[in-house]
Structure formats: structure tokens, C-alpha cells
Amino acid sequence: QVQLLESGGGSVQAGGSLRLACVASGYPPGNACMGWFRQASGNQRERVAGLFTGGPGAYYADSVKGRFTITQDNDKNTVYLEMNSLKPEDSGMYYCAGLRTYLGAWCIQSAVRADFRDWGQGTQVTVSS
């Protein structure tokens with residue numbers, strides 16, 4: 001049974017940093033597509049970053065490129081989202097999502113919200129100006 005548990009959200013001022021963590025259990029080692037999504041009030045849930053646990057590379061939405069970094073610690077079964085130079089428009093609920101797959105390139109390049117089967121409960125990020 002897959003479980004995703006996020007932590008690390010909070011309130012910061014613009015220009016600040018936060019690091020989100022997602023402890024993911026239940027996936028075979030190296031066979032999961034992991035993503036961070038965010039949803040602001042009234043908006044669609046969008047993928048902001050993603051990686052494949054079995055290989056290199058990462059996906060970033062244009063709005064976060066150069067500011068956010070997604071990494072993984074396989075020993076801890078944890079995926080992180082380091083968020084720097086935060087802006088008020090980065091505010092929203094952040095969700096960790098996962099999908100068991102061996103398709104690394106597809107995971108990085110093409111996975112969308114509807115593809116992810118497993119979701120965490122979300123963690124709130126609020127950036128004030």
C-alpha cells in the first residue's frame with residue numbers, strides 16, 4: 001500500500017525559502033514517478049516539479065525554473081522540493097503525487113495530473129509580499 005506524507009509548508013515573506021518533504025512508502029525502488037503539484041484557490045492543480053526515482057533528470061514548470069529544485073534521498077524514501085526566491089504567486093496547497101512506473105522519460109517529459117494515482121494530503125505554502 002502506497003502512502004505519501006508531506007511536510008515542510010509554512011508562511012514566509014517574498015524572497016524567502018522553504019523545503020518540502022514527501023516520505024513515500026510502498027513503491028519498488030527505482031520504479032516511481034514522483035511529482036510536486038500546487039493548487040491555489042480557484043486554480044487548477046499544476047505540476048511544478050517531478051522526477052523519476054530510477055534515473056536522472058527532472059521536470060520543472062516554467063514558472064519555477066531556476067528557483068525550485070526537486071531531489072530524492074533513496075535511503076529515506078523521501079522526495080524534497082527546495083523552493084527559493086519565493087513569490088506571492090507561489091502560494092497554495094502543495095501536494096506530493098506518485099505513480100508506479102518504469103517509464104522514466106515519460107515521467108519527466110509527459111506525466112500530467114491525471115496520470116498520478118497516489119496523492120498526499122497536501123501542505124500549505126503562503127508567501128506574503
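**Disulfides, salt bridges and a pocket**

Guide: Numbered in sequence order, the bonded cysteines of the chain pair as 1-3, 2-4. The model is a predicted one.

Visitor: How do you know that Cys22 and Cys96 form a disulfide?
Guide: The sulfur atoms of Cys22 and Cys96 are 2.1 Å apart. The rule asks for a pair of cysteine sulfur atoms within 2.5 Å, so this pair counts as a disulfide. Cys22 sits in strand S3 and Cys96 in strand S9, so that the link spans 74 residues of the chain.

Visitor: What makes the link of Cys22 and Cys96 left-handed or right-handed?
Guide: The angle about the S-S bond is -70 degrees, and the link is left-handed.

Visitor: Why are Cys22 and Cys96 called buried?
Guide: Cys22 has a relative accessibility of 0%, and Cys96 also has 0%.

Visitor: What joins Cys33 to Cys107?
Guide: A disulfide joins them, with an S to S distance of 2.2 Å. That is within the 2.5 Å limit, so the pair passes the rule. At 85 degrees about the S-S bond, the link of Cys33 and Cys107 is right-handed. It connects strand S4, where Cys33 lies, with helix H1 (residues 104-109), where Cys107 lies, across 74 residues. Cys33 and Cys107 are both buried.

Visitor: How many disulfides does the rule give?
Guide: The count comes to two disulfides.

Visitor: Why is the contact of Arg38 and Glu46 called a salt bridge?
Guide: The side chains of Arg38 and Glu46 meet at 2.8 Å, N to O. The definition requires a side-chain nitrogen of Lys or Arg within 4 Å of a carboxyl oxygen of Asp or Glu, so the contact qualifies.

Visitor: Are Arg38 and Glu46 buried, partly exposed or exposed, and what decides it?
Guide: Arg38 has a relative accessible area of 6%, which is under 20%, so Arg38 is buried. Glu46 stands at 31%, between the 20% and 50% limits, and therefore counts as partly exposed.

Visitor: How do you know that Asp90 forms a salt bridge with Arg38?
Guide: Their closest N and O atoms are 2.8 Å apart. The limit is 4 Å, so this pair also qualifies. Asp90 is in the loop between strand S8 (78-83) and strand S9 (92-100), while Arg38 is in strand S4 (residues 32-39), and 52 residues separate them. Asp90 has a relative accessibility of 1%, so it falls under the 20% limit and is buried.

Visitor: What joins Arg38, Glu46, Arg67 and Asp90 into one network?
Guide: Salt bridges that share partners do. A search of the whole structure finds four salt bridges.

Visitor: How much space lies in the largest pocket?
Guide: The largest pocket holds about 210 Å³. It is lined by 16 residues, of which Ala24, Tyr27, Thr53, Asn74 and Asn77 are the closest to its centre. Strand S3 (18-25), S4, S7 and S8 each give at least two residues to the lining.

Visitor: How do the residues of the lining divide into nonpolar, polar and charged?
Guide: Seven are nonpolar, eight polar and one charged.

Visitor: What is noted about the phi of Asn77?
Guide: Asn77 has a positive phi, about 50 degrees, and is not a glycine. Asn77 is in the loop between S7 and S8. Its relative accessible area is 46%, between 20% and 50%, so Asn77 is partly exposed.

Visitor: Why does Ser85 count as partly exposed?
Guide: Ser85 has 43% relative accessibility, which lies between the 20% and 50% limits, so the term applies. Ser85 is located in the loop between S8 and S9, and its phi is positive, near 50 degrees, in a residue other than glycine.

Conventions:
Residues are numbered from 1 along each chain as its sequence is written. This is a predicted model: local features need pLDDT of at least 70, side-chain atom pairs count only at pLDDT 80 or more; totals for chains, interfaces and linings use all residues. Side-chain values use heavy atoms; hydrogens and water are left out. Buried means under 20% relative accessible area, exposed over 50%, partly exposed in between (1.4 Å probe, protein chains only). Helices (H or I, at least four residues) and strands (E, at least two) are DSSP runs, numbered from the N terminus. On a 1 Å grid over the protein atoms alone, a cavity is a set of points where a 1.4 Å probe fits but cannot get out, and a pocket is an open set with protein on both sides within 12 Å along at least five of seven lines; lining residues have an atom within 4 Å of a point. Grid points are joined across faces, edges and corners, and a volume is the space filled by probe spheres set on the points. Ala, Val, Leu, Ile, Met, Phe, Trp, Tyr, Cys and Pro count as nonpolar, Asp, Glu, Lys and Arg as charged, and the others, Gly among them, as polar.
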